[in-house]
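Biologist: Please show me the model, and then let us go through it by question and answer.

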Amino acid sequence: MSAQLPIIRVRDLTVGYGRRAVLEKVSFDVYPGEVFVILGGSGCGKSTLLKHMIGLLRPMAGQVLIEEQDITTAQGEARRTLLARLGVMYQSGALFGSMTVLENVRLPLEEYTDLPLEAMDLIARTKLALVQLAGSGSMLPAELSGGMQKRAAIARAMALDPPILFLDEPSAGLDPITSAGLDQLILRLARSLGVTFVVVTHELPSIFTIADRVIMLDKSARGIVAEGNPHVLRDTSEDARVRQFFNREAVLEAV
Amino acid sequence: MRSHRRPLTSPAQLALTAPSADAPARLALTGHLNAYTIAEVWAQARAALTRFALTPVVVDAAGVDYCDGAGIAMLVDLLRQPRTLDAPVRIEGLAPRYQALLDQFDPAAFREAPARLHRSLSPTERLGRTASTTLDNLRSAVAFVGEVGAGLAAAARRPEHVRWSDTWLVAQRLGVEGLPIISLVGFLMGVILAFQSAIALRKFGAEILVADLLGISLLRELGALMTAILLAGRTGAAFAAEIGTMKVNEEIDALVTMGLEPARFLVVPRILAALMMTPLLTLYAILIGLVGGGLVMLSFDIPIALYRNELFSFVTMTDFLGGMAKTFVFGLIVAWVGCLRGLQTRSGAAAVGLSATSAVVTAIVLIVVADGIFALVYYHLDI
């Protein structure tokens, strides 16, 4: 996998709010088709990092290169083209409340393609079927449960089949069965379509199932404290913080 | 045409091999199938299926070198078309990894159109829905009277239990921060009234009577009305939007489960603040309006002292108090309706907008109605 060129390259990224840096000089690569997981305790900057990687926030310093184009400085048309290459699922779903679920999923298709309405509807319905929401297309987001909203949001992020999908806490708040189904979906899309996933999550079972590689962020280190395969990290890491993260899981699993 | 389309790596193409009478028609698909490339091919393939409605059709997908979800959707679309038994559609040669994607879907499941998103309601149903919503709103409005009444009564009994810090904060936002717009509109109102009437009165050499006209209309009527309408737009909408957003975010539910009644916690401070600030703002608006009128008078060569004397000799305390009495009612209406509409908000961002709109419209209507009642009562009381 590392023989390929990275699809996302983060270079010396320093991010923060006001003058306070949350992460300093963070660098890492994400390769095409891999499931890349960002993990770490609360407040370590996971979501902040994600928001910088999708160009929502401007970094204090550094670059985020997506397919060799810097999303932090891209403007206008270049930025739009770049944004069409990625799909994002936000933590709370962020579905548009005034549109039905199907209309939510169809929106990117309407804006970016020339397909007829019937075709867009069908594409949207297949996306909803992928996340087991085939029958809910005509409902309003408010009529869905929290877990269903998340799945609908994933369907919307996938509407244009972007090569990169960013998922912010996809399985938080989902029941174990749906959560496992979602993991399978992520793996299937990554393996069959070569979709690259960047996932922020706490759910350790999910991390061990889906992650090809993880980076672990730490609040006090203001950066990456571990990088690699989660199984390998769990078994061989010499860093106390990393062991703590995975060992607590081991304790929980034993209970 | 969309301007921001992806460059086509290798465009999707469709080649049709017309069959001899009994051989199946072959549709050969090649190239990249994704949402940006397939619009044309999709239409051609559908047309071909219609053309060969009675013969089997084979979709040869061996030449497809990339196929994402949109391409899969197209294949599903071709498979879901209703066909006779002896004229099936088959897909051949699709690379196994794409075949696996296609196998996730059962084309038959997509045969029925999804329930229409916005089905049109029959007039009867619409009437029923409107009636039911109106009744619901009326019921909650009546319940709101009770809740707020109880809250205000409790506040009167035990003033130390009122959330005064909230009240002062609302009073500041509603009053102090509303001064610029009140100044602007009040001043303009005074200037315009004075100027318009002065032009007419000058014909009779009676410019000085502008002071009477300005005084009586600002004190009795326009000061209070203008301030109330500005407050409805500025403050009533803000109340509705803020409380509505709290409702949408389940913050109201959180209050209720903490045992804190929204009426006491949110509504009472707002009503108290409005009751305190509306008269003060009205007073201020009247003063600014009179100053504006005075400046116009100056330009008509009437000294300020003369203007002031004429004003004070004409308007009475009753005029002033009659106008100020209205302000309490108007302030109550603005805060009341703003909070009520906020609490009636349903779910979603759009609902907050509807609540804010409805708060402003309802408040203005009620203000006008109340003003009419005041006029009637004052007339009969001979005030």
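**Contact between the chains**

Modeller: Helix α4 (residues 117-130) of chain A packs with helix α2 (residues 69-80) of chain B at an angle of about 105 degrees, their axes 9 Å apart. Axes are lines fitted to C-alpha atoms, for helices over the stretch in contact, and angles run from 0 to 180 degrees between N-to-C directions. Helices (H or I, at least four residues) and strands (E, at least two) are DSSP runs, numbered from the N terminus. This is a predicted model, in which local features need pLDDT of at least 70, side-chain atom pairs count only at pLDDT 80 or more, and totals for chains, interfaces and linings use all residues. Residues are numbered from 1 along each chain as its sequence is written, while chains are lettered from A and ligands numbered from 1 in the order in which they are written.

Biologist: How are α4(A) and α2(B) oriented to each other?

Modeller: The angle between α4(A) and α2(B) is about 105 degrees. Angles under 35 degrees count as roughly parallel, over 145 as roughly antiparallel, 65 to 115 as roughly perpendicular and the rest as oblique. The two helices α4(A) and α2(B) are therefore roughly perpendicular.

Biologist: Which residues of α2(B) make the contact with α4(A)?

Modeller: Two residues are in contact if their C-beta atoms, placed from the backbone, lie within 7 Å. From α4(A) the contact uses A:L122, A:I123, A:T126 and A:K127. By class, the contact of α4(A) with α2(B) has six nonpolar, two polar and two charged residues; Ala, Val, Leu, Ile, Met, Phe, Trp, Tyr, Cys and Pro count as nonpolar, Asp, Glu, Lys and Arg as charged, and the others, Gly among them, as polar. The α2(B) residues are B:G69, B:A70, B:I72, B:A73, B:V76 and B:D77.

Biologist: Which element gives the most to the side of chain A that touches chain B?

Modeller: The contact takes 31 residues from chain A and 28 residues from chain B. On the chain A side, the elements giving two or more residues are α2 (76-83), α3 (101-112), α4 and α6 (176-193). By class, that side has 15 nonpolar, nine polar and seven charged residues. The element that gives the most, with eight residues, is α4(A).

**The two chains**

Biologist: What is the radius of gyration of chain A?

Modeller: Chain A has nine helices and ten strands. The radius of gyration is taken over C-alpha atoms, and the globule rule is 2.2 Å times the number of residues to the power 0.38. For 255 residues the rule gives 18 Å, and chain A is close to this, so chain A is as compact as a globular protein of that length, with a radius of gyration of 18 Å.

Biologist: Why is chain B more spread out than a compact globule?

Modeller: Chain B has twelve helices and four strands, and its C-alpha trace spans about 110 × 60 × 40 Å along the principal axes. For 383 residues the globule rule gives 21 Å, so chain B counts as more spread out because its radius of gyration is well over that, at 35 Å.

Biologist: How far apart are the C-alpha centres of domain 1 and domain 2 of chain B?

Modeller: Chain B is divided into domain 1 (13-110) and domain 2 (145-381), with bounds from an automatic or database domain assignment. The separation of their C-alpha centres is 68 Å.

**Single residues**

Biologist: Is B:S197 buried or exposed?

Modeller: B:S197 is found in helix α6 (residues 179-202) of chain B. A residue is buried if 20 or more other C-beta atoms, placed from the backbone, lie within 10 Å of its own, exposed if 12 or fewer, and partly exposed in between. B:S197 has 21 C-beta neighbours inside 10 Å, so B:S197 is buried.

Biologist: Is B:H161 buried or exposed?

Modeller: B:H161 is found in the loop between α4 (123-157) and α5 (164-174) of chain B. With 11 other C-beta atoms within 10 Å, B:H161 is exposed.

Biologist: What is the phi of A:A94?

Modeller: A:A94 lies in the loop between β6 (86-89) and α3 of chain A, and with 16 C-beta neighbours inside 10 Å A:A94 counts as partly exposed. Most residues other than glycine have a negative phi. A:A94 is not a glycine, yet its phi is positive, at about 55 degrees.
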